[in-house]
Amino acid sequence: MKDTFKIVIAEMKKQHRHNFHSYSIYFSLLLWPIIIFFNTYYTYLSFDLTKAPVFSGLINSKQSLLIFLITGFIGYNFFYSMVQSAWQMGAERQNGTLETIILSPANWLAVVYGRSLGALFQNVWMFSTFSILIIISSRSLEVNFFTQIPIAFFIFTLSATVWGGLMNVIFLFSRDAAILNNVLDDPMEFFSGVRVPTETFPVWAKMISVIFPLTHSLTIVRGILLKTNIAWMEAAIKLSISLVLLFILTIVLLKLVEKNIRDNGNITFY
Amino acid sequence: MFNIAKATFKRNKIIAKRAFPWTLIIGRIIAGFFAILFPYFVYTFFLKGSISESFNQYTNQSDYITYITIGAIFFILGRSTMMEVGRALFRELKEGTLESVLLTPSSRIGYHIGCLIEQLGRSFIQFLTMAFFGISFGANLFLIISMQSIVVIILTVLGFFSMALILSSIMLFTRDAYITQNTLFAVMSFVTGVSFPVEFLPKWLQYFSHLFPMTASLELFRSIVIAKQSISIHLDLVLEILLLSGGYLLVAMICLKILEKKLVENLFG
C-alpha cells in the first residue's frame, strides 16, 4: 500500500515537472473554456427564462442560470482534462519512456491513477478559480457555502480520477486513439448535461447520458449548490455504481493491455 | 498565377485523396452536429419555445432553428476553410518543403487560391451534411439557393480567404498552429453572432465583432434567407465585407512578404 502511494505521488510529480512550464494550458484549459462558457450563457439569453415551464425550480433567473452553467463547465473541465492527459500517453510511447515504466516493478494501476490525479491538480485549478468567482458573484454569500464548495470539488475529483484511469488505459492500447478524443469531447459534454439539464431530455437521450459518470456528478453538485429537491441520494447511488463499474473495467482492460503487449509487442514499441 | 493555382489545386487534391485525414473530418461533422443539437434541445425540450422579446426584436421575429442552423453552417465552413488555407504554408514549414516553395518564383496568391478552391470542394460536402442536419431538426433552408444568396456566399468566402491569409502570417510568425487557430475560432464563434444576435454582447465587444467579416456576412445572409429582404437595402453590409476583406488581404500580403524574407534567412542562414 505504501509503495502504491509512492508511485502515485512520483507520477504526479513527474507530470508536474513535465507539463507545467507549457503556456499552452493557459489557453486550452482557461481561456477557451471561459469563452465557450460566455458563449453558452449568451445563447441562453435568446430565451425567456421566466416564461419557461418551471423545471423543479432549478433555472428561473440569470443568477441560477449562471450557477447551473458554471457547475456544468467545471465538471466538464475536470473530465476533459482527463481525456487530455490520457492523450499524452501517446507522447510517453513516442519518447520511449513507456517501456521503462512497463519494465519497472511499479504497479500499473498506481501509475495510471497517478497520471490522472497529476493532470487533474495542475489543469483544473485555473478554471476552478474562475468558477468560484462566478459562483460568489451570482449568489449571496452564506456560511454553508464554505462546506458546499469542498464537497462539490471532492465529488468531481473522485469521479474524474476514476474516469481518467480508464482513459489512460484505453490510450495504452493504441498509438492513435485520436478518434476517441472526438467521441468523448462533444458527445460527453452534451449528453452529460453540461449545458442542458438532463432531466428535460427525451428518453433516448437520457439513456445515453446514464453512461457518463459526469451526468451523476453534476446532478449531485447542482443539487447541493442550487438547493433543488432532486433526489440526490438516488444520483449518489448511481454515481457510486458507475464508478465501481468503471474501476472494474479499468482493471480488466489493464490485464488485456498487458497480455496484448506480451503477445504482440517487442521491447521497443515505437 | 492561374497556373500556380491550378497546380496547387491538383497537388492538394492528390494529397486529400491519398492521405485523407478521416478523424479530422469526423471531428468536424460531430462538432457541427452538436452545434445545432444544443440550441435545438434547449428550444424543443427544455424551454419549449419561449423565445425572449429581445431575440425577436433584434432578429425581426426570425425562426429560431433556421437562425441557429445558418449560424452553425457558416461557422463550421469558415473554420475549415480558414484552417486549411491558413495552415497551408505552415504545413510546408512542418514538412520541410517551405524552402522549395519560397525559392520558386511562383505567385504566392495563386498558391493560396489553389488551396482555397480545393478546400471549397470539400466544404461543399460538409455544407450538404450540415444542411441535412438542420433540415431534419426543422430548419427552413429552402430559400438558400437564389441569385442573391450566391452573391453573399461569394462575399463570405472572400472574407474567409482574407482572414485565412492573416492567420497564415500569424502562424508562420509564432510558429504555432494549435493555440493560434483555436483561440481565433473560439473568439469568432463567440462574437460574430453564430448562435445569438451580436446585440446581446456588451458594446465594446460589439465594436470588436465588426473586425470579423463574418459578422456582416452572417447578418446579410440571414436577412436574405430568413427575412426575405433584398440585398440592395443592405449595401452598407456589402461594403463592410468588401472593405474588411480588402484591408486584410492587403495587410496579409505585406506581412507575408516581410515574413518571407525573414524565413528565407532563417531557413538557409
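## Chain A at a glance

Chain A has 11 helices and 0 strands, where helices (H or I, at least four residues) and strands (E, at least two) are DSSP runs, numbered from the N terminus. This is a predicted model, in which local features need pLDDT of at least 70 and side-chain atom pairs count only at pLDDT 80 or more, while totals for chains, interfaces and linings use all residues. Residues are numbered from 1 along each chain as its sequence is written, with chains lettered from A and ligands numbered from 1 in the order in which they are written.

Of the 270 residues of chain A, 37% are buried, that is, 20 or more other C-beta atoms lie within 10 Å of their own, with C-beta atoms placed from the backbone. Two residues are in contact if their C-beta atoms, placed from the backbone, lie within 7 Å. Among the chain A contacts between residues at least 6 apart in sequence, 81% link residues at least 24 apart.

## The nonpolar core

A nonpolar core here is a set of buried Ala, Val, Leu, Ile, Met, Phe, Trp, Tyr and Cys residues joined through C-beta atoms within 7 Å. The largest one holds 126 residues, and F79(A), M82(A) and A72(B) touch the most other members. Helix α4 (residues 64-95) of chain B gives the most to this core, 17 residues.

Leaving aside residues up to four places away in sequence, M82(A) touches S116(A), A119(A), A160(A), W163(A), G164(A) and M167(A).

Let's turn to helix α11 (residues 235-268) of chain B. The expected span of a helix is 1.5 Å times one less than its number of residues, so the 34 residues of α11(B) should span 50 Å, and the 49 Å between its end C-alpha atoms agrees. Its buried residues, including L237(B), I241(B), Y248(B) and L256(B), pack against α6 (108-136), α7 (147-174) and α10 (213-225) of chain B.

Helix α1 (residues 2-18) of chain B packs with α6(B) at an angle of about 45°, their axes 7 Å apart; axes are lines fitted to C-alpha atoms over the stretch in contact, and angles run from 0 to 180 degrees between N-to-C directions. That makes α1(B) oblique to α6(B), since angles under 35 degrees count as roughly parallel, over 145 as roughly antiparallel, 65 to 115 as roughly perpendicular and the rest as oblique. Residues of α1(B) in this meeting include F2(B), F9(B) and A16(B), and those of α6(B) include Y111(B), C115(B) and R122(B).

## Where the chains meet

The contact takes 32 residues from chain B and 28 residues from chain A. On the chain B side, α2 (22-46) and α8 (178-191) are the elements that give two or more residues. The largest share of that side, 13 residues, comes from α2(B).

Definitions and conventions. A residue is buried if 20 or more other C-beta atoms lie within 10 Å of its own, exposed if 12 or fewer, and partly exposed in between; C-beta atoms are placed from the backbone.
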